[in-house]
Amino acid sequence: MRDDDFLRVAFELAEMGEGEVSPNPLVGAVVVRDGLVIGRGYHRRFGGPHAEVFALDEAGESARGATLYVTLEPCAHFGKTPPCTDRMIQAGIARVVAAAEDPNPLVSGRGVAALRAAGIDVEIGRLRDVAMRQNEIFFKYITTRIPFVHLKLATSLDGRIATRTGDARWISGESAQVRVHRWRRRYAAILVGIQTALIDDPELTVRHVVGRNPLPIVLDASARLPLTARLLGGGRRPILVATRVDPARRTELESAGCRVWELPTGRGDVDLKLLLERLGEEGVDSVLIEGGGETAAAFLAAGLVDRVSFLIAPILIGGRDAVPSVGGLGAERLTDALRLTDISTEWVGSDLIYSGRVGRA
């Protein structure tokens with residue numbers, strides 16, 4: 001196996017921490033000696049030991065003179081755990097191959113410098129693009145304190161997210177639904193518009209996989225959310241984002257478990273940029289948007305979406321009054337259209353997931 005192959009094993013290990021380590025990054029590590037993996041580890045939970053520690057524990061004394069492959073630059077500071085660099089130096093690691101620098105100001109460059117100062121051969125940047133994609137949430141939030149925003153749209157082949165009567169259950173097949181619930185587990189918050197909340201009455205919980213539930217957020221300019229809405233259950237404190245709310249109505253919503261944020265723009269709609277800034281201040285590092293078409297259009301028009309994923313089902317809904325995946329006014333010219341970059345495609349059951357980062361033409 002080559003260096004890239006060992007790093008890919010580390011990337012696979014890192015994924016095992018999905019939904020458990022936020023707002024920390026996903027990290028995997030392997031210790032290799034004489035071409036054989038002798039230690040494996042991944043960051044398992046927020047506040048717990050880092051991937052390198054688990055890998056070194058498994059390798060034991062055999063780690064002396066070995067190579068450690070890790071998906072992110074090792075930390076060199078005391079946080080919730082001691083510095084990983086100290087542990088690697090003590091273990092006698094001879095070489096470290098790290099996929100990417102850690103953008104955290106507390107770490108960036110210091111881990112590499114500490115290892116090199118101890119005489120360890122360090123290679124940094126191999127498969128950097130893979131590392132940045134795996135931890136795109138962490139890379140954005142740690143450098144901007146603004147949540148990473150992922151817009152998910154389950155559509156028919158002809159771009160509809162619901163029929164003309166509003167029926168949308170279920171466009172995606174079961175395998176695609178499992179994938180969506182994996183995303184829910186990974187993201188700190190999940191956001192829908194009031195129309196989705198009224199028509200679908202979603203719980204916005206993780207069901208098809210095991211994991212924590214995201215924080216529900218409802219864009220509801222006029223505070224119309226019913227007090228019987230299912231997303232109000234489960235002990236979570238959903239955030240209802242409005243423009244202006246009558247004091248009596250606010251009391252009702254807060255008694256039902258809601259937090260009410262008034263974030264008007266002056267145009268009668270919600271200030272989405274301010275919403276993300278405030279979420280970031282509260283430690284919310286990521287938001288998964290799940291509907292509907294007008295909410296999608298608003299975030300896209302404001303330039304606040306980082307990734308778009310279409311789950312395209314092999315069905316045709318048709319009808320001029322069916323609900324489009326993205327509403328709003330849309331682009332006047334093709335040159336104004338939003339473009340996706342860093343495209344990936346994947347078949348999940350009979351559905352195609354088409355995903356990419358958002359850019360402009």
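**Exercise 1. Thr 155 and its surroundings**

Leaving aside neighbours within four places in sequence, find the residues in contact with Thr 155.

*Solution.* Step 1: list the partners. Setting aside neighbours within four places in sequence, Thr 155 is in contact with Arg 160, Ile 161, Ile 171, Phe 310, Leu 311, Ile 312, Ala 313 and Ser 325. These contacts come from a predicted model.
Step 1: Thr 155 belongs to strand β6, residues 148–155.
Step 2: check its accessibility. Thr 155 has a relative accessible area of 2%. Buried means under 20%, so Thr 155 is buried.

**Exercise 2. Ala 131**

In which element does Ala 131 lie, and is Ala 131 buried or exposed?

*Solution.* Step 1: Ala 131 sits in helix α5.
Step 1: its relative accessible area is 1%, and it is buried.
Step 2: look for contacts beyond four places in sequence. Ala 131 then touches Phe 11, Thr 71, Ala 99, Ala 100 and Phe 139.
Step 3: compare sequence with space. Ala 131 and Val 27 are 104 residues apart in sequence. From C-alpha to C-alpha, Ala 131 and Val 27 are 9.1 Å apart.

**Exercise 3. One face of a helix**

Which residues of helix α4 are buried, and why do they line one face of the helix?

*Solution.* Step 1: take helix α4, residues 110–117. Its buried residues are Gly 111, Val 112 and Leu 115.
Step 1: look down the axis of α4. The buried residues fall within an arc of 95°, so they line one face of the helix.
Step 2: find the cover. The buried residues of α4 are covered by elements including α3 (84–91), β4 (95–98) and β5 (121–124).
Step 3: see what follows. Gly 119 comes after α4 and has a positive phi, near 90°.

**Exercise 4. Cysteines without a bond**

How many disulfides does a search of the whole structure find?

*Solution.* Step 1: recall what to look for. A disulfide is a covalent bond between the sulfur atoms of two cysteines.
Step 1: give the count. The search of the whole structure finds zero disulfides.
Step 2: check burial. Cys 84 is buried, at 1% relative accessibility. Cys 258 is also buried, with a relative accessible area of 1%.

**Exercise 5. Backbone exceptions**

Which residue does a cis peptide bond join to Ser 22, and which to Arg 169? Is the phi of Arg 145 positive or negative?

*Solution.* Most residues other than glycine have a negative phi, and most peptide bonds are trans.
Step 1: take the cis bonds. Ser 22 is joined by one to Pro 23, with omega about 10°. Pro 23 lies in the loop between α1 and β1 (28–33). Another joins Arg 169 and Trp 170, with omega about -10°. Trp 170 is in the loop between β7 (160–162) and α7.
Step 2: take phi. Arg 145 has a positive phi, near 60°. Its place is the loop between α6 and β6, and it is partly exposed, at 45% relative accessible area.
Step 3: Asp 201 lies in the loop between α8 (194–200) and β9 (215–219). At 26% relative accessibility, it counts as partly exposed.

**Exercise 6. A cavity and a pocket**

How many cavities of 30 Å³ or more does the structure hold? Which element gives the largest share of the lining of the second largest pocket?

*Solution.* Step 1: count. The structure holds one cavity of 30 Å³ or more.
Step 1: describe the cavity. The largest cavity has a volume of about 130 Å³. It has 15 lining residues, and Ser 22, Asn 24, Leu 26, Ile 137 and Arg 186 are the closest to its centre.
Step 2: sort the cavity lining by class. Five residues are nonpolar, seven polar and three charged.
Step 3: turn to the second largest pocket. Its space is about 840 Å³. The lining has 25 residues, with Glu 15, Arg 133, Arg 179, Arg 186 and Glu 346 nearest the centre.
Step 4: name the main contributor. β15 gives the largest share of this lining, five residues.
Step 5: sort the pocket lining by class. Seven residues are nonpolar, six polar and twelve charged.

How values were computed. Residues numbered from 1 in each chain as written. Predicted model: local features only at pLDDT ≥ 70, side-chain atom pairs only at ≥ 80, totals over all residues. Heavy atoms only, no water. 1 Å grid on protein atoms, 1.4 Å probe; cavity = no way out; pocket = protein on both sides within 12 Å on 5 of 7 lines; lining within 4 Å. Points joined across faces, edges and corners; volume = space filled by probe spheres on them. Helix = DSSP H or I, 4+ residues; strand = E, 2+ residues; numbered from the N terminus. Nonpolar A, V, L, I, M, F, W, Y, C, P; charged D, E, K, R; others polar. Buried < 20%, exposed > 50% of the residue type's maximum accessible area, 1.4 Å probe, protein only. Arc of directions from axis to C-beta. Contact = heavy atoms within 4.5 Å. Disulfide = S-S within 2.5 Å.
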